[in-house]
Amino acid sequence: MSSFPVTRLRRLRRTETLRALVRESRLSLDDVVMPLFACPGEGIVRPVPGLEGIAQRSIDEIVREGSELSALGVRAVLLFGIPEDKDEEGSGAWVPDGIVQRALRALGSEVPELTLITDVCLCEYRSDGHCGVLEGGEVVNDATVELLVRTAASHVDAGADVVAPSDMMDGRVGAIRTALPHTPIIAYAAKYASAFYGPFRAVAESAPSTGDRRGYQMDPANVREALRECELDLGEGADVLMVKPALAYLDVIRAVRERFDCPVAAYNVSGEYAMVKAAAAAGHLDERAAALESLVAIKRAGADFMFTYWAKDVARWL
Ligand code: PBG
């Protein structure tokens, strides 16, 4: 290998055309999924201060947003629900006329070209805000798994194309796979107990009322454990492995990419979005440039696609 002065890497950086020819990672509209939050009512778009682009939307407004997204070229959405009432079981998660089930039916008939992915979890539906059944201050695993299966099945009955369990119970992918042999599963396989979910919990009204999620979500310090989670989820029948959050865990995305040959996804979470929004609002950086740099970094790390609140903006920016 020659070195300077024969080799001058700046030669290929001179023009945008040259840079484009040698670009190693590219972000495209096919790579992004937009999260949406369905809430009861009509004509409701309840924005979140400091987080424009994220809002609770009633089903008519979800349909309007879904059509806009689709017209802009966004092809998939991830649905979350804010139910009318929360209860001790979290039954709003699986009832046939639950908020997500109704949103699925409405989108399925009004915007049939959109691919509908659902987040499968109990935290938005339980009065204690935990992702599973609480007994003596602990989230019990196996009883929770049964309810998650019920939830995933009801999503598919209502028209979900893909289910994405985000609860981090052991064995939930296998149980969902047995119940739904033909449904693609995106497993939140390496989901960390992260401070970056803060803004999401405000939108989804799902902050745990006692304790935290460290008894089921992963310790941010671990990467080997993430690979074990991934291996188990693949063995149980997951189709896609997801790492979440994305930006503080690019090394985890890379490790998963190198170890497994299945598709890898990443979730660019609410706190990652909020940080850029806040810095941009204060005039410290350019939102578009910072967002596109973040998203291409997630691809460079090895993700095939990503969940991001910038999905709609990406459609306008690219
Ligand atoms: C549900 C769930 C959460 C997120 C996605 N699914 C919150 C949590 O685990 O507390 C976070 C998404 C984000 O921050 O954008 N369990």
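Predicted model: local features only at pLDDT ≥ 70, side-chain atom pairs only at ≥ 80, totals over all residues.
**View 1. Leu12 is partly exposed, with 44% relative accessibility.** Here, buried means under 20% relative accessible area, exposed over 50% and partly exposed in between, using a 1.4 Å probe and protein chains only. Leu12 sits in the segment before helix 1 (16-21); helices are DSSP runs of H or I with at least four residues, and strands are E runs of at least two, numbered from the N terminus. Together with Leu21 and Val22, Leu12 makes a nonpolar surface patch of about 300 Å². Residues are numbered from 1 along each chain, and side-chain values use heavy atoms, without hydrogens or water.

**View 2. Helix 2 covers residues 59-72.** Its 14 residues reach 20 Å from first C-alpha to last, close to the 20 Å expected (1.5 Å times one less than the number of residues). Among its buried residues are Ile59, Ile62, Leu69 and also Glu61 and Glu65. Their cover includes strand 1 (32-39), strand 4 (76-81) and helix 11 (311-317). Just past helix 2, Gly73 takes a positive phi of about 105°.

View 3. For Cys121, the nearest cysteine sulfur is that of Cys131, 3.6 Å away. Cys121 is buried, at 2% relative accessible area. Cys262 has its nearest cysteine sulfur on Cys230, 7.4 Å away, and is buried too, at 13%.

Conventions
Contact = heavy atoms within 4.5 Å. Patch = residues over 30% accessible without salt bridge, like charges linked within 9 Å, V, L, I, M, F, W, Y side chains within 5 Å. Areas by Shrake-Rupley, 256 points an atom, 1.4 Å probe, with all protein chains shown as cover. Salt bridge = Lys/Arg side-chain N within 4 Å of Asp/Glu carboxyl O. Disulfide = S-S within 2.5 Å.
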